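Here's a quick briefing to read alongside the model. Have the viewer open and follow along topic by topic.

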Amino acid sequence: MSSIERFQNPGLPEHVHRKADTDPKAAKRAEQQVAILFLLSALGTVGTIAAYIYIRSDLYVYIPILGSTNVQQMSLGIGLTVATLCIGLGAIQWAKKLMPDTEVIQERHELRSEDQDRADFVETFKERGGEAGIARRPLIKRTLGIALGVVGLSPLVLLRDLGPMPKKYFETTNWTAGTRLVLDPGGAYIKPSDLEVGAVAQVLPELPKGTERTLENVGKDAVLLIRLRPEDFNLDAERLSWTYNGIIAFSKICTHMGCAVALYEQQTHHLLCPCHQSTFDVTRAAKVVFGPAARPLPQLAISVDAGGYLVAKQGFTVPVGPSYWERNSSNG
Amino acid sequence: MKRSEKAIGSVANYVDERTGAAKWLKKNLTKVFPDHWSFMLGEICLYSFIILLLSGTFLTFWFDPSQRDVVYNGAYSPLSGVSMSSAYASTLHISFDVRGGLLMRQIHHWAALIFMAAIVAHLFRVFFTGAFRKPREFNWIIGIGLLTFGIVEGFLGYSLPDDLLSGTGIRIAEAIIQALPVVGSYLAFFAFGGPFPGTAFIPRIFIVHVLILPGLFLALITIHLMLVWYQKHTQFPGPGRTEKNVVGYPLMPVYMAKAGGFFFIVFSVTAFLGAVASINPIWLYGPYTPGQISAGSQPDWYMGWLDGLVRMAPPLETHAFGHTISWNILLPGLILPGILFTGMALYPFIESWVTGDKREHHLLDRPRNAPNRTALGAMSIAFMIISLVNGGNDIIATHFHLTINGIMWFTRIGLFIVPPIVFIITKRICLSLQRADRDLVLHGKETGRLVMLPSGEMVEVHEQLTDAQKWTLTQHQQPDALPAPLPESATRGLKGKLRKRMNQAHAIQIPAPTLSELKELDHH
C-alpha cells in the first residue's frame, strides 16, 4: 500500500497559437471587426441623441407581447443598448483575438507574516499597553469602561423624538355608538335597501364636521359591509344582534399584517386577504378558516337610526388590525 | 521618443514624486487573474451596482421623497385630478414627462433584480466550489452582509414610489415591527413618526436608500475587492495549477479589456430590458391608501421566499397576562430568516470545525468532490424554492388552475420533506459522478468504434485520457489525506459525537484512481 503512485501534475499545456498570431490577414480581419463594432457603438449614441430630440414623447405604438409602448423611451433604450453593447463586444473581441493569450504563472506569497514579525508585533503591543499602564491602574480601566459604556446612550436618547408614544392609539377607532356609515369613496349615507343580497361595500365612519379624513384614519376605520340572506348566518345571539337585516360589518384591516381584506367570494361567503391568503368565514363572524391569521376580523355592531340610515351601535369591542405586544387578546 | 510616450513618462514622474505609486503599480499592472466563466458572476454584481448608482442618481434629480398631498395633473390622464403623495406624483412625472425617465426607472429596477440575482449566483459559485475556505472567510461574511443589505435596499427602493402595491409592502413591514415583543408598538411609532402611514416614512427610507446603504455597499465592496486582490483569486484545478501559484492572464491589457468590455455588456443588457420589458408599472396600481389593495400582491423575487414563509406560517399567537406574541409573524418573518442567515455566515467555520481542516485553500473543489457540502447547498436551495413557490401561490394557482389551499399545504409539508430528500439524492449523484470520473480515468473514453477480434468477439475501443485530463480528475484531496482524524478527546460528549458524526458524513468519498491502479489494469 505504501508504494501507491498518484498521477502527477503534468504542468501547463503547451501554448497553441491563434490564427491571428500567425496569419497577418486574420489579424487584419480581427482588427477590422473591432473597428466596425466601435463605429457601430458611435452610431448608437448618435441614434440615442436623435431619438431624444426628434421623436415626440407622447407617441405610443402597439407592439405584440410588449403592449402599448412609448416610442421615444424605447428608441432611447435601444440606442443606448447598441452604444454600450458594441463597445463591450469590441473590447472583448480585441482582447480575445489580438492581445497576448499566453497563460502566465505567478507564485502566491504566503499570507501569514514571518514568525519573528508576529512575535515582535505582540511584544510591541504588550509593551506599549504596559506604558499606558492600563493593567496596573484598575481605576482608570473601570471608569473608562463606564464612560465608553454609556457614551453611546446620548445619540439613542436624541432619537427619541422620531415619533410620539403610541399610548392607546392601537385600541381606538373613530367608530362610536351612533356613528353613521358613509360610503368610500363618495361619502354618502347608506340605507339597508341600498345593498342587495350578495353585495359588498367599503364604508368609513362619518367624521365630525370640519375634521379631515387622513390615511391613518382609513388604516384603522375601514369597514366592509356585506349583505347575506339572514338564514345564512351561523352566529350566536349576541353577534346576530350586531347584524341588521342580513347586513354584517367587519373591520377591513387584516388581523395578520394589516392589509386590506378585499376579496369576497360570494358562493362560499369567504373573505380572503390577498397578501397572505388568510381566509375568514363571514357566516361565522369572520372566523379564520385558512391561512396565517390567528384572530377573526373584529365585527362592528350596526343598526339603523331614526332617519333609516345605517349606524354603528357601538365602537369596536376589540382593537382592529395586526397584533402587538400590549394587545390584550384574551377576549378576542 | 514619441510625444505620447514622453507625456506618459512625465505624468508618471509627476505623480510618483508625490505618491511613490510607481513601484506598486508596476507590480500590479501585470497581476495575473485566473479565467473561468463563473468568475464573471461577481463582476456582474459590481457592474450592476455601478449601473444602479448611475441610474439612481438620474432618478433623484426628479423624484420628490415626500408624502405631502398633491393633486396630479401631469401627462398620464387616467390619474388626472387624483389626490396622491408627492412621491407618487413625481414618479409618474419621471415616467411620463421626463424624456428617458421611464427608461431610467426601468433600467434601475432591472439592474436591481440583476444585482440580487448575480449576488445569489455568485454565492452559489463560492459555496459549491469551496472558495469560502481559509483564508477567505472574511470575504464570505462580507458577502453575506452585502446580500442582506441588498435585500433591504431593494425593498426600500421599490417602496419609494408610494403606490398601492409598495404601500402594502410597507404596511406589512410595519406589522412586523409592531409584532416585536415589548418594544414593537414603540418602534413602529418611532419609525413612522406616529401612526401608519404618516408622512415621515418615505423621506426617511429615501435617505437610507440613497445615502446610508449605498455608502455601506461602497465600503464593503471596496474591502471585498481589496481582499480578492491581496489574497489573489482562487482557481479551478488543472494542469500546471497548484495551491502555490495563480495561472491566468495579466491585468493589463487582457483583463482591463475583458472586464471593461464586460461592464458595457452588462449595461447593454439592462438598457435593453429597460427599453423593451415593462417593469413595476406603478401608474396601473394607483396611489397608496390603507383601505385598498390589488389582487395578486407580490414582492420582488428576493423577498418572495420570505413572503412565502409568512404565508405558510401556522395561525399561532400566544395570549397571556394581557400580552400578545404573534408567532405567525415572528417565526417566519424574523426568527427563521435570522437562523438561516446566521448559519450561512458561520458555514466556513462550521465546516472547518467538522473536518478539522485548518489549511489554506486556493484550488477550488469540483462540487462533486465535496458531496456533503454540495448536498447541503442543494438542500438549502430546495428550501428557498419551496418558500418562493408559496410566495407566488396566488399567481401559480390562477395560472395552473390549482387551489391556493392545495399549494399552501403542499409547501407546508414539502418544506420539511423535500430538502432532506434533495440532500440524499444530491449526495448520491455526487458519488456517482465520482465513480464516473474514476471509470473515465481507468478505462478511458468510449469512442463508439467497434472492433472485431480474430475470435469474432466485438469490443469497443476505449481511448485513454490525456495526462492533463487525468490530473484534473484525480488531483482532489482524499479523505485519508485530511489532517489527522479527530483525536479521541474531540469526540467526547454530545458536541463531540455530533462532530464525529458530521466528520464521517463529510469524509464519504469514492477513492480517486491512482497511477498504480491504472498500471495494474494495463497489465491485464
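**Cavities, sheets and domains**

The structure holds five cavities of 30 Å³ or more. Keep in mind that this is a predicted model.

**The largest cavity**

- The largest cavity has about 160 Å³ of space in it.
- Its lining is made up of 16 residues, and the closest to the cavity centre are Y169(A), F170(A), K220(A), R171(B) and Q178(B).
- Which elements give two or more residues to that lining? They are helix 7 (215-221) of chain A, plus helix 7 and helix 8 (184-192) of chain B.
- Helix 7 of chain B supplies the largest share of the lining, with three residues.
- If you want to know how empty space gets spotted at all, rolling a probe the size of a water molecule over the atoms shows where it is left.

- You'll find Q178(B) in helix 7 of chain B, which covers residues 164-179.
- Is Q178(B) buried or exposed? Its relative accessible area is 2%, and buried means under 20%, so Q178(B) counts as buried.
- Setting aside neighbours within four places in sequence, Q178(B) has contacts in chain A with F170(A), P322(A), S323(A), Y324(A) and W325(A).
- In chain B, again leaving out those neighbours, Q178(B) is in contact with G184(B), S185(B) and A188(B).

**A sheet built from both chains**

- Three strands make an open, antiparallel sheet, in the order 3(A)-4(B)-1(B).
- Strand 3 (104-107) of chain A and strand 1 (32-33) of chain B are the edge strands; each has a single partner strand, so one side of each has no neighbour in the sheet.
- Strands of a sheet pair through backbone hydrogen bonds, either parallel or antiparallel.
- On the chain A side, four bridges join strand 3 of chain A to strand 4 of chain B, in the antiparallel sense.
- Here, Q106(A) has V246(B) as its bridge partner in strand 4 of chain B.
- Which residue of strand 4 of chain B is the bridge partner of F33(B)? It's Y249(B).
- Strand 4 of chain B is mostly covered, with six of its six residues buried.
- Helix 10 of chain B (residues 251-276) lies across strand 1 and strand 4 of chain B, at about 70 degrees to strand 4.

**A sheet within chain A**

- Chain A also has an open sheet of five strands, paired antiparallel in the order 4-5-6-7-12.
- Strand 4 of chain A pairs with strand 5 of chain A (residues 200-205) over three bridges, in the antiparallel sense.
- In that pairing, L181(A) stands opposite P205(A) of strand 5.

**Domain layout**

- In chain A, the domain assignment gives domain 1 (19-97) and domain 2 (171-312).
- The C-alpha centres of these chain A domains lie 58 Å apart.
- Chain B is split into domain 1 (31-236 + 246-354) and domain 2 (366-524).
- For chain B, the C-alpha centres of domain 1 and domain 2 are separated by 34 Å.
- Across that chain B pair, 26 residues of domain 1 are in contact with 28 residues of domain 2.

- L235(A) sits in the loop between strand 6 (223-227) and helix 8 (237-241) of chain A.
- L235(A) has a relative accessible area of 18% and is buried, since the cut-off for buried is under 20%.
- Beyond its neighbours within four places in sequence, L235(A) is in contact with residues including L240(A), I248(A) and R284(A).
- L235(A) and A83(A) are 152 residues apart in sequence, and their C-alpha atoms are 68 Å apart.
- E351(B) belongs to helix 12 of chain B (residues 327-355), and E351(B) is buried at 8% relative accessibility.
- Not counting residues up to four places away in sequence, E351(B) touches F132(B), R133(B), R373(B) and H506(B).
- E351(B) and R499(B) are 148 residues apart along the chain, with 10 Å between their C-alpha atoms.

Conventions:
Residues numbered from 1 in each chain as written. Chains lettered and ligands numbered in written order. Predicted model: local features only at pLDDT ≥ 70, side-chain atom pairs only at ≥ 80, totals over all residues. Heavy atoms only, no water. Pairing = 2+ DSSP bridges. Contact = heavy atoms within 4.5 Å. Axes fitted to C-alpha atoms, helices over the stretch in contact; angles between N-to-C directions. Domains from an automatic or database assignment. Buried < 20%, exposed > 50% of the residue type's maximum accessible area, 1.4 Å probe, protein only. 1 Å grid on protein atoms, 1.4 Å probe; cavity = no way out; pocket = protein on both sides within 12 Å on 5 of 7 lines; lining within 4 Å. Points joined across faces, edges and corners; volume = space filled by probe spheres on them.
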